[in-house]
Amino acid sequence: MAYPVQAQTLGNGLMVITREVHDAPVATFWIWYRVGSRNETAGMTGISHWVEHMMFKGTPALAKGEIFRSVSKNGGTLNGFTWIDYTTYFETLPSDRLDLALRIESDRMVNSLFDPEEVASERTVIISEREGSENYPSFHLDEDVTATAFKVHPYGNSVIGWKCDLLAMTRDDLYCYYRTHYAPNNAVVVAVGNFETEALFKRIEELFGLIPPGPPIPPIRSCEPPQEGERRVLLRRPGPAPYFIAAYHAPAADNPDVYPLFVLDAILSGAKPMGLFAGRDAMMGRSSRLYRLLVDTGLCTGAGSSFGLTHDPYLFQLSAALRPNTGLEEVERTLFDEIDRIHHDGVRCEEVEKAIKQVRAQFVYASEGVTNQAYWLGDLEMVNSYKMLDDFVDQIATVTREDVQRVSQIYLSRDNCTVGWFEPTGPGASVEAPMAPVQAVRPYFYQTPGMASTSTLAIHHQRLSNGITIIGHERSLNPAVIIQVSAQAGSIYDPPGKAGLAYFTGRMMQRGTSRHTFQQISELTDRVGASLNVAGLEHTILVSGRCLRDDLDLIVGLIAEVIRDPIFPPEEIEKLRGEVLALLHEERNDTGAVAGRHFRELAYPADHPYHHWSLGNEASVASFSRDDLANFHRRYVQPSRMNVAYSGAIAFDEFVDKITKAFNGWTSSGPSAPFVVPDVTPPNTVIRQDYTLAGKTQSDIILGRPSLKRSDPDFYALSLADLILGGLGLFGRLGTTVRDQQGLAYYVHSNLDATLGPGPWEVQAGVNPVNIERAIESIIREVDTIRTQPVSDEELADAKAYLTGALPLSLETNDGVARLLQRIETYNLGLDYLDRYPGIINALTKEQVLEAAARWFSTDQIVIVTAGPPVSL
């Protein structure tokens with residue numbers, strides 16, 4: 001049961017917002033500061049974000065690294081990020097350990113250390129973060145367009161800051177900014193979860209109540225004057241394809257016009273995910289105006305719009321990533337003609353109804369889990385008031401077609417627009433999703449393991465007569481359902497010379513069935529605010545559906561259609577072929593993709609299924625025929641090779657009945673036994689390859705080798721070793737050495753990808769090219785240490801506590817539960833796996849961890865690949 005939102009204010013000005021949710025033993029605690037890039041002055045851009053980094057460096061009571069260590073060993077997750085209007089920090093924990101979050105946040109509000117050596121080290125980390133963004137052409141274009149759109153208001157500055165300011169900023173600048181803005185009278189606490197409000201508020205008052213208010217916050221006096229004519233930006237630099245942005249000044253969150261603008265945004269490119277870490281599974285809009293106008297016609301690889309709530313008037317944006325041979329003039333003319341049509345003719349009533357349903361559905365999906373709910377409450381309070389949450393859906397529902405036409409005429413005028421063109425001058429860009437809105441800077445993406453608590457997760461399992469396996473969990477609190485259907489038909493089954501066929505087949509399955517065209521499927525899902533996606537992965541083709549409970553019959557029916565009856569229309573094959581070839585063209589100029597592809601090619605022999613890239617290559621993609629797709633689908637997409645996982649607002653028996661009816665009469669005719677991925681011999685020496693890409697500022701490093709299968713007895717011990725090496729806290733030992741102490745990288749982490757076959761163990765890092773050799777040396781030193789010396793008692797205990805204590809947190813969302821159920825079924829872990837898991841982890845010894853690390857990690861039989869700009873000597 002979810003209780004109403006309550007709000008109180010302490011005597012020192014600290015606002016406290018709480019909401020009790022008792023469906024799982026989890027609670028989240030956030031603290032929001034009203035300081036972001038809008039508070040920064042000339043010469044100090046990026047200071048809000050830099051202060052946020054320093055808040056993880058410790059206090060007199062919390063040693064450096066202790067914040068991450070203490071949260072992780074208590075089974076929690078934490079993060080912090082900076083945006084134009086705010087800086088925020090949160091911890092999500094088992095509810096009986098929530099007091100830890102209160103102690104951390106009350107301490108670092110006033111006692112954070114700004115050690116000069118730490119400031120110097122973090123300077124290189126933050127510059128590395130910026131340089132990582134500079135590898136993407138759209139970052140440069142968005143930064144230039146925003147700076148041009150705002151002549152007066154500090155919204156014109158990017159959150160990360162200009163590099164010249166980052167080089168010049170001092171420790172005293174940072175500390176003074178911290179002492180000015182980090183105070184109870186400039187902060188809001190938000191807590192949501194399994195607690196008693198009265199007791200929690202009393203504890204907040206004990207820890208925060210005696211902190212004195214800070215000085216008056218310097219006011220933001222700058223007010224952006226009306227724009228009185230179109231502004232233009234032309235950016236030329238290396239890149240494989242053009243990009244386009246049109247940015248219009250738009251109202252602040254307290255203006256009622258934001259509601260019709262949300263609807264207009266959904267009409268143009270679908271309602272956007274609203275959750276904190278929403279994935280692409282929640283994307284809508286394949287029936288939207290911009291998708292049909294620009295993507296479906298083959299002009300662009302992606303196109304979209306974006307609009308969000310901000311404290312002051314910000315921007316409504318249109319963006320497009322063009323195919324290499326498409327002209328910017330044509331895309332601009334096409335986009336502006338469409339906006340003019342909305343000005344003059346308005347939009348259709350059914351478009352408004354569909355957009356309203358989409359926004360409502362995204363709102364429901366974003367309400368899953370206490371972390372998402374707290375994020376919404378805090379974000380709204382920062383830009384206007386948390387009370388917007390009460391009637392947000394109702395306000396959206398009142399929007400009319402006249403409202404949409406009116407706001408388009410007011411805000412989307414050419415005189416109110418800043419146009420940005422990116423013209424590529426040569427090779428050197430990256431693959432990205434240009435339609436995604438600009439995100440807050442999140443320096444510490446730190447995630448819990450995807451497990452769940454047995455005491456609150458009732459798992460049901462059934463096998464149908466045709467071989468389909470169903471595994472599911474009913475969650476009644478939220479009226480949403482997520483379905484994941486996995487078929488043993490991934491890229492490991494690609495025939496010789498047909499690399500990428502599974503990926504291509506998966507993408508084509510939803511592009512037309514015997515009953516519906518691709519456009520009709522998109523219209524049906526968009527109309528009800530649902531999503532349907534098919535992805536060809538390494539081991540499986542994965543069909544994902546998300547919908548509200550009332551629309552489940554429609555989505556189950558469509559899932560069954562795309563699985564059973566795809567017809568692979570020739571015209572859609574050519575459209576998708578063009579998209580994939582454009583994607584491959586861009587990947588050749590992405591440092592991460594170049595390093596990843598070549599690592600696979602060097603680490604695995606040519607006849608091994610892990611050798612080739614799941615996307616394929618230009619020659620193989622060009623060769624695919626309709627018969628290739630139909631034969632692959634007929635052979636491998638079979639009920640006996642398929643499992644269905646679901647989580648959401650439907651009883652298991654009722655869900656089984658719907659799946660049974662949808663797949664009635666479908667039987668297997670191809671091979672039922674899955675392919676056994678062969679073992680592979682690691683390299684017998686160090687293999688090193690370096691690749692140079694023009695137009696980049698940061699290099700990607702991948703170091704590693706083939707490792708073990710998920711079924712190997714060493715899996716758990718090696719996973720724990722990998723966690724300590726490059727995952728626990730802020731990237732484990734690697735993060736401590738390479739990032740924290742030496743300041744060589746913004747990110748460095750290790751990953752053990754143990755699956756059905758001997759997946760790779762990799763260490764990845766993003767560094768300035770002058771630091772490549774130092775970073776590699778440091779990584780190798782840490783790898784050598786963990787494979788030759790036992791981990792400490794403290795590390796072992798912390799890793800065990802983290803893995804076992806974090807189990808309840810994935811119960812927050814249907815996504816997390818469905819992913820967990822898929823793993824249980826895929827790896828045959830058993831329905832009692834969650835009962836056995838804590839015992840498995842707690843039984844591990846230091847000796848087992850050392851033996852596994854010595855057996856599977858290496859420093860002299862590895863592959864090292866780097867990709868980035870030329871090194872300046």
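What you have on screen is a predicted model, in which local features need pLDDT of at least 70, side-chain atom pairs count only at pLDDT 80 or more, and totals for chains, interfaces and linings use all residues. Residues are numbered from 1 along each chain as its sequence is written, and side-chain values use heavy atoms, leaving out hydrogens and water.

Start by showing everything as a cartoon. You'll see 30 helices and 22 strands; these are DSSP runs numbered from the N terminus, with helices being H or I of at least four residues and strands E of at least two. Along the principal axes, the C-alpha atoms fill a box of roughly 75 × 70 × 60 Å. Of the 873 residues, 63% count as buried (under 20% relative accessible area, with a 1.4 Å probe and protein chains only).

Next, select residues 6-9 and 15-20. These are strands S1 and S2, paired antiparallel over four bridges (pairing takes at least two DSSP bridges). Ala7 has Ile17 in S2 as its bridge partner. Five residues lie between the two strands of this hairpin, and Gly13 in the turn has a positive phi of about 100 degrees.

Now jump to the open sheet. Its five strands come in the order S18-S22-S19-S21-S20, with mixed pairing.

Look for Arg688, which stands opposite Ile864 in S22.

How values were computed:
Buried means under 20% relative accessible area, exposed over 50%, partly exposed in between (1.4 Å probe, protein chains only).
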